[in-house]
Amino acid sequence: MQPLLDVSSLTVKFALRDTALTAVNDVSFTLSKGERLGLVGESGAGKSVTGFSILNLVSKPGFIAGGSVLFEGRDLTRADAETLRDIRGNRISMIFQDPMMTLNPVLTVGTQMIETIRAHKKVTRKEAEAIALDKLRKVYIPSPERRLTQYPHEFSGGMRQRIVIAIALLTSPSLIIADEPTTALDVTIQAEIMDLLLELCQSEDMGLILITHDLGVVSQVTQKIAVMYAMGDTASVVGAPLHPYTRGLLGALPQCADKADCGLETVAAPRARRRLNQIPGSMPSLSDVPRGCPFNNRCELCETVCTTTRPLLEKKSDGRLAACHMVA
Amino acid sequence: MAGLLRRFRQSYFLYSFLRDPVAVTSFALFVILASSALLAPVFAPHNPYDGANIDIMDAETPPLWKDGGNPAFLLGTDNQGRDLFSAILYGMRVSLLIGVGAVAMQACIGIMVGLLSGYGSRRLDNILMRIADVQLSFSSYMVAIFLGAIVQMTFGVGRYEQVAVPFLVLVIGLAEWPQYARTVRASVLAEKKKEYVEAARVIGLKPFRIMWRHILPNTLTPVLVISTVQVANAIMSEAALSFLGLGMPVTKPSLGSLIKSGFQYFFSGSWWITLFPGVVLILLVLSINLLGDWLRDFLNPKLYKD
Amino acid sequence: MFAFIVRRVAQALLVMFIITREMVGVSVSVKEREALREKLGLNDPYLVQWARFTKNALQGDLGTSYFYRKPALDVILSKAPATLELVFVAQCIIVLISVPVGVYSACRPRSVLSRLFMGISIVGVSVPVFLTAIFMIYIFSVHLGWLPSFGRGNPVEIFPGWTSVLTTWSNFKHIILPSIALSSIMLPLFIRLIRAEMKEALETEYVKFARAKGLPEWRVVMVHAFKNTLLPVITVGGVQLGIMIAFTILTETVFQWQGMGFMFVEAVERADTALLVAYLIFVGAIFVAVNTVVDLIYGFVNPMVRIAGRK
């Protein structure tokens, strides 16, 4: 069966004065209908850029330099503006990081919802309003009729993110890309929003790409994980991590160090010592990536081959993908 | 010193300046205009301030290349028989002097008020900004024109001529200081929140020292950027005042008063008296504006908007 | 709103008081001045003078013009329509040109046309109003003979006391050059302001979100970005309108446009102080009115102000 989304060898660059920096290098992953994928990595690993490039919405001076994004069989990196417009907000919706910045401050919530519906469906204002009300109820906004006429600044952060989610639901898309949907919110509200998102994805059978740096969240919400490290080497993790970077990441999680039932089997975390593992050093800057494997200067398993040859993403013994010379 | 020079030569500033042909051209133009203005006594073939030198019989001689041109007067003469080329050089000197002087004054008042307002108490801030608002809401041209009218009436035209330059510096300086005050205040408020100011306070430095040595240097980028535009504006303000007869007198003309003196002859054929000073004024202001534009793009400070 | 109006009027009155005090009786000889001071009560304490002046002003008495031998307010009211009309037409030109040009050059900052617009606008801002006016007269009136070079033609009275040149084409021709000259100094500022604000708005998250929602590009630009651009533009626009009234002095002088600005320059030459004071007060009143209107419009566009007002 054809996957819903097939991203292969996606490369995004940023044009500078005379050079181009590579922000996302050679990223590949697939997603079936109704499947939920977590895209994790350190800050600056290119997670958000990957998310935006799926919708071909990388802002200047960034541009997609290579690879393809097949959505329902169509390559979005080569689609014309009208096709893209038809897919954005209709078949694929996005939820942004900061709900305080996402909604236009001078337009009412109702206007911002109705314009989305009417951009994609031939409906009257009344019908559009009915759809908007229905979705607002789905995200548990109290007295939605009144809320529709209000402006974004009259809502709290959590409420605004609910509205953004409601906007994402308006046209019943088959995929939602959520770019760190909870980072800008209070901790107590984070869980609520995450639960809501999971619930809606399950009930509406929507695919989800959850971009986050929080492995704990990912393990609860998604069925599949892609880990990105500097310039986007990816490794899919469903059970035990293969790539040394992923092992390091998991080892740094307190719940994984303490408990075995966090949904991810721990490998690198020495449970007995009860001390969090730490990946030494920090991610290389985009203009200064080491030769060979980009992780080699921080890797415990590093050997000569890692400093000369860049590892490719390949199927390992148990059928999962990892880009590493050192794991079989 | 040599090290400083080398650092300048290798700097990104110089690099991007040299790569921008508009910036280089306008800088060259400005240097030519400014230096010929400053060295007017050297370059000018006549002294337009010397009444003995001027012969009314020479009045309205057209430029050299026109019929009736006189080799002694390259760009012709004005309605009183003064050599226009010399008058323009001297006039540009006056315009530049007033422009730079007025901006220096604006900057002094504005930076002081801005620092006090941004770093002082809320009450002081409120009072100072209220004054700046009032000053701004009465457009600076209006203030300058009005004060010009009052002073000219008070002193009488004869005595006014002697105080014209300092008066114009004062009036244009007073009219526009809120621009600086608001810019500096905004940067101070932004800087004040930063950790290094907190650190300086923890060390126990005196407020004055924190303000002067720590905050002020960080506000200078926007000040530099608005300064270029302000010089251009001040030169234009002076020209406008002179054009209305409230600025420099015809005996010690600036570019604006030369334009005024030629205006009534413009349509009766003596177009050069207005045209040449006009073109020089435009070139001068344009070169400063272009430089300011480039500087703004290069330094890209967060300017205060309101 | 009410507090705001009171504050504005108080500010204006304060400024006016300072100016009027300095103004009165500066143009006459010492002896005459003494006599005049006594007669006008200028030797009374300032507060008494000010109270008297304010009381008179509130009754519409701003003094009598020496030259016209008429109440100063009457003189000004007879000249005001000409100036306001000029400002109105200039403002229309500014809005009609600066909005499309500013929006276009923000959306396509690297296109040849945008660079051309920016180049023209920086030249435009560097040419003094009176030179623009003189050059335009030379080209369009003297050289080509298309448009009249001075005056207002034969304005038609549309209301009692309000004569207009906007009603017939031959009169309208008179206002074309002056209004273009007057708008020439503000137009570049507005184009640059709209462009800068638009560029900023186009980079915000909500514009990106609007694109991610699949809205048509025109809606993203004109509704999501432009409506947010309006707020700063309205604020600056109000201040600029005040400055434009000052520029009418220059424009009207060159075109001999029989408005308040031309009258002002004549009054300076004739040392007609009562008229000067009345002019300032009248212009101050216009500032206050304009700023209040701008604040109201601002509140209409900005939902946050509206909420603050509702509470």
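Trainee: How many bridges join β1(A) to strand β4 of chain A?
Mentor: This is a predicted model, and the values here are computed from it. Strand β4 of chain A covers residues 62-71 and runs antiparallel to β1(A). One bridge pair places A:K13 against A:F63 in β4(A). The number of bridges joining β1(A) to β4(A) is eight.

Trainee: Which residue in β2(A) stands opposite A:V12?
Mentor: Strand β1 of chain A spans residues 5-15, and strand β2 of chain A spans residues 20-31. The two pair in the antiparallel sense over eight bridges. The residue of β2(A) that stands opposite A:V12 is A:V24.

Trainee: Which residue in β5(A) is the bridge partner of A:L70?
Mentor: β4(A) and β5(A) pair in the antiparallel sense. Their pairing rests on two bridges. In β5(A), the partner of A:L70 is A:D75.

Trainee: What is the order of the strands in the open sheet of chain A, and which stand at the edges?
Mentor: The open sheet has four strands with antiparallel pairing, in the order β2-β1-β4-β5. A strand at the edge has a single partner strand, so one side of it is left without a neighbour in the sheet. In chain A, the strands at the edges are β2 and β5 (74-75).

Trainee: Is helix α1 of chain A buried or exposed?
Mentor: The helix covers residues 47-54. Its buried residues are A:K47, A:S48, A:V49, A:T50, A:G51, A:F52, A:S53 and A:I54. In short, α1(A) is buried.

Trainee: Which residue that follows α1(A) has a positive phi?
Mentor: The backbone angle in question is phi, and its value is near 55 degrees. The residue with this positive phi after α1(A) is A:N56.

Trainee: How many residues of chain A are buried, as a percentage of its 328 residues?
Mentor: Chain A has twelve helices and twelve strands. Of the contacts in chain A with a separation of 6 or more, 62% are between residues 24 or more positions apart. The buried share of the 328 residues is 45%.

Trainee: Which helix supplies the largest share of the side of chain A that touches chain C?
Mentor: In this contact, 23 residues of chain A meet 20 residues of chain C. On the chain A side, α2 (81-87), α3 (99-102) and α4 (109-120) each supply at least two residues. By class, that side has ten nonpolar, eight polar and five charged residues. The largest share is four residues, and it comes from α4(A).

Trainee: How many helices and strands are there in chain C?
Mentor: From the N terminus on, the elements run α-α-α-α-α-α-β-β-α-α-α-α-α-α. Of the 311 residues of chain C, 41% count as buried. Among contacts in chain C between residues at least 6 apart in sequence, 69% join residues at least 24 apart. The counts for chain C are twelve helices and two strands.

Trainee: Are α7(C) and α9(C) roughly parallel or roughly antiparallel to each other?
Mentor: Helix α7 of chain C covers residues 169-202, and helix α9 of chain C covers residues 217-255. Their axes come within 9 Å and cross at roughly 160 degrees. Angles over 145 degrees count as roughly antiparallel. The two helices are therefore roughly antiparallel.

Trainee: Is the crossing of α7(C) and α9(C) left-handed or right-handed?
Mentor: The contact of α7(C) with α9(C) has 20 nonpolar, five polar and one charged residues. As for its hand, the crossing is right-handed.

Trainee: How many strands does chain B have?
Mentor: Chain B has eleven helices. Of its 306 residues, 45% are buried. Among contacts in chain B between residues at least 6 apart in sequence, 71% join residues at least 24 apart.

Trainee: Is B:F8 buried or exposed?
Mentor: B:F8 is found in helix α1 of chain B, residues 2-9. Its C-alpha atom is separated by 42 Å from that of B:D83, 75 residues apart along the chain. B:F8 has 10 other C-beta atoms within 10 Å, and a residue with 12 or fewer counts as exposed. B:F8 is therefore exposed.

How values were computed: Residues are numbered from 1 along each chain as its sequence is written. Chains are lettered from A and ligands numbered from 1 in the order in which they are written. This is a predicted model: local features need pLDDT of at least 70, side-chain atom pairs count only at pLDDT 80 or more; totals for chains, interfaces and linings use all residues. Two strands pair if DSSP finds at least two bridges between them. Two residues are in contact if their C-beta atoms, placed from the backbone, lie within 7 Å. Ala, Val, Leu, Ile, Met, Phe, Trp, Tyr, Cys and Pro count as nonpolar, Asp, Glu, Lys and Arg as charged, and the others, Gly among them, as polar. Axes are lines fitted to C-alpha atoms, for helices over the stretch in contact, and angles run from 0 to 180 degrees between N-to-C directions. Angles under 35 degrees count as roughly parallel, over 145 as roughly antiparallel, 65 to 115 as roughly perpendicular and the rest as oblique. A crossing is left-handed if the near helix is turned anticlockwise from the far one by less than a right angle, and right-handed if clockwise. A residue is buried if 20 or more other C-beta atoms lie within 10 Å of its own, exposed if 12 or fewer, and partly exposed in between; C-beta atoms are placed from the backbone.
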